[in-house]
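The exercises below are meant to be worked through with the sequence and the model side by side. Try each task before reading the solution that follows.

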Amino acid sequence: MDTSKPAEHFDVLIVGAGLSGIGAGYHLQQKCPDKRFVILEGRDCIGGTWDLFRYPGIRSDSDMFTLGYSFKPWTDPKAIADGPSILNYVRETAAENGIDKKIRYRHQVKRASWSTQDARWTIEAERSSGEGASDVVRFTCNFLLSCSGYYRYTDGYRPEFAGDSDFKGQIVHPQKWPQSLDYAGKRVVVIGSGATAVTLVPAMAEKASHVTMLQRSPSYVVARPAQDQLAITLRRKFGDKVAYHVIRWRNVLLGMFFFQFARKRPERFKRMVLGGVRMALGPDYDIAHFNPRYNPWDQRLCLVPDGDLFKSLREKRASMVTGEIDRFTDGGIRLKDGSELKADIIVTATGLVLQLMGGVEVSVDGSKVDLAKTMNYKGMMYSDIPNLVSVFGYTNASWTLKCDLTCEYVCRLLNYMDQQGYRQCMPHNIDPTIEQLPALEFSSGYVQRALPTLPKQGSKRPWRLYQNYAFDIVALRLGKVDDGVMKYS
Ligand SMILES: Cc1cc2nc3c(=O)[nH]c(=O)nc-3n(C[C@H](O)[C@H](O)[C@H](O)COP(=O)(O)OP(=O)(O)OC[C@H]3O[C@@H](n4cnc5c(N)ncnc54)[C@H](O)[C@@H]3O)c2cc1C
């Protein structure tokens, strides 16, 4: 590390130039125009998720009226949008607002160390040349804003399968999709039951000879029109901005209504979802493949635009198998019931590895912080860690809804601290009646695997995560920043 040069200093340092990092840059520019900020991005481009994932059919699984930013209307007719269109939207936002000029690419942040005496973070990043060489550079900042997403970028989750080296075909993980993969006319087995699997199956079925979706257990799958007709009509009559905000609010309210309905009346909601599947697939189809053991919203629902998955099942270009894998064989996969699925290509759509803060090692005054021992404040800060916010989206609604609110809150916090002459803010719990609860109430594999490493949530506000946009508007946009829990100095 070159320590001869003084570290460059910024008021705010943002980690990550994905959807959140670009949104954070916009909010800072608008509401804290005097703050000098920089964005450190580990990769060599903008976009994060929407650039990384390149598998066939890659798309959003929530609507773009709520996944889009509050400040930039989504104008594409497709409400469930493909990955490249979302990437283009993020890039356009960055370019239109000059945020792209604030990004330092190929800067992978490794360490963040807080000094109370200096009221500053020192950030160490590995800067790579793109040709194999790298060095370590240092920055300092007063406030650290982590927009590094929620999963590990280097590799996805791939369980061990017995006999996988025996398989003579190709094994592919969606997080590292080989662009040269030719699956035309091939037999494909997609292992998985989540959003990625239900996206891949109809997309690959267009060219493959057959695609089998192999799941250990089913998920709830709901069809939804890819285009929003009301949005198109409103746009024509009232323009992009009005249409965007009306549809955004309609979708937020509908989303909250259906979520509450699912939690309060799980059996009725389940019947409704299964009724939709029955209608799409006909009376003879075995809908056990769509009947999970868990209640709706114990895991995320899978959305299929225009029922594309159902269409490929009806046309027999794809099929569903629910069963447990015994082992891979040279020609495919043997299941525990003794049956065998023949395959030329196996896609392991087995998920992500959840990772907080992009793997950055955090220390406060020389002591390394174990985030699992902290408590999450308002779904964005950690107990006893000063001047650090992590942007994290909802589990039951679009990510950007929370991202926008979090960034607005950070701006309020920074402006408040400036007005009062404070240099440090830190959430600290003094209420002994607060119980610690798991970070997320979600039974999905990727959440369960990560729970021991995640910060806890508390049993009461402001430590409790309600996953509710309306509550958060009140708490983050209107609530006091000096709430007695945040300690300023
Ligand atoms: C396939 C897929 C589909 C999804 N669909 C939806 C959807 O429809 N609706 C929804 O609400 N959510 C969806 N999500 C969740 C999605 O990740 C978010 O919606 C959103 O893209 C998150 O944006 P982000 O900028 O916070 O994180 P990311 O998109 O993950 O971007 C993080 C950025 O930070 C950089 N970074 C990370 N660590 C470091 C570090 N240490 N140093 C420097 N840079 C770092 C990364 O390189 C990346 O560029 C989806 C996720 C996936 C994987």
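Predicted model: local features only at pLDDT ≥ 70, side-chain atom pairs only at ≥ 80, totals over all residues.

**Exercise 1. In which order do the three strands of the open sheet with antiparallel pairing stand?**

Solution. Step one is the order, which is 13-14-15, with antiparallel pairing in an open sheet. Step two is to find the edges: strand 13 (325-329) and strand 15 (340-342) each pair on one side only. Step three is the geometry, for neighbouring strands of this sheet are turned by 20° against each other on average, when direction is ignored.

**Exercise 2. Describe the open sheet of five strands, and work out which strands have a side without a neighbour.**

Solution. Begin with the order of the five strands, which is 7-16-8-9-12, with parallel pairing. Strand 7 (170-172) and strand 12 (318-322) are at the edges and have a single partner strand each, so one side of each has no neighbour in the sheet. From one strand to the next the twist averages 20°. Inside the sheet, strand 8 (residues 187-191) and strand 16 (residues 345-348) run parallel and are joined by four bridges, and valine 188 faces isoleucine 345 of strand 16.

**Exercise 3. Locate helix 5 relative to the strands, and decide how far it is enclosed.**

Solution. Helix 5 (residues 195-205) lies across strand 8, strand 9 (210-215), strand 12 and strand 16, and the helix runs at about 165° to strand 9. For the second part, apply the cut-off for a buried residue, which is 20 or more other C-beta atoms within 10 Å of its own. Eleven of the eleven residues of helix 5 are buried, so the helix is largely enclosed by the rest of the structure. Among the buried residues of helix 5 are Thr196, Leu200, Pro202 and Met204.

**Exercise 4. Is tyrosine 55 buried or exposed, and which residues is it in contact with beyond its neighbours within four places in sequence?**

Solution. First place the residue: tyrosine 55 is in the loop between helix 2 (49-52) and helix 3 (64-67). Then count its surroundings, where 22 C-beta neighbours inside 10 Å are found, so tyrosine 55 counts as buried. Once its neighbours within four places in sequence are left aside, tyrosine 55 is in contact with Pro174, Trp177 and Leu200; Leu200 is one of the buried residues of helix 5.

**Exercise 5. Trace the partners of strand 4, and state the sense of each pairing.**

Solution. On one hand, strand 4 (residues 107-115) runs antiparallel to strand 5 (residues 120-128), and eight bridges join the two. In this pairing, alanine 112 has isoleucine 123 as its bridge partner. The two strands form a hairpin with four residues between them, and in the turn alanine 119 has a positive phi of about 50°. On the other hand, strand 4 pairs with strand 17 (residues 361-364) in the parallel sense over four bridges, where tryptophan 114 has valine 364 opposite.

**Exercise 6. How many residues of domain 1 are in contact with domain 2?**

Solution. The domain assignment gives domain 1 as 8-60 + 81-154 + 353-488 and domain 2 as 164-348. In the contact between them, 18 residues of domain 1 meet 18 residues of domain 2. The residues on the domain 1 side divide into ten nonpolar, six polar and two charged. The C-alpha centres of the two domains lie 30 Å apart.

Key:
Residues numbered from 1 in each chain as written. Domains from an automatic or database assignment. Contact = placed C-beta atoms within 7 Å. Nonpolar A, V, L, I, M, F, W, Y, C, P; charged D, E, K, R; others polar. Pairing = 2+ DSSP bridges. Axes fitted to C-alpha atoms, helices over the stretch in contact; angles between N-to-C directions. Buried ≥ 20, exposed ≤ 12 C-beta atoms within 10 Å, placed from the backbone.
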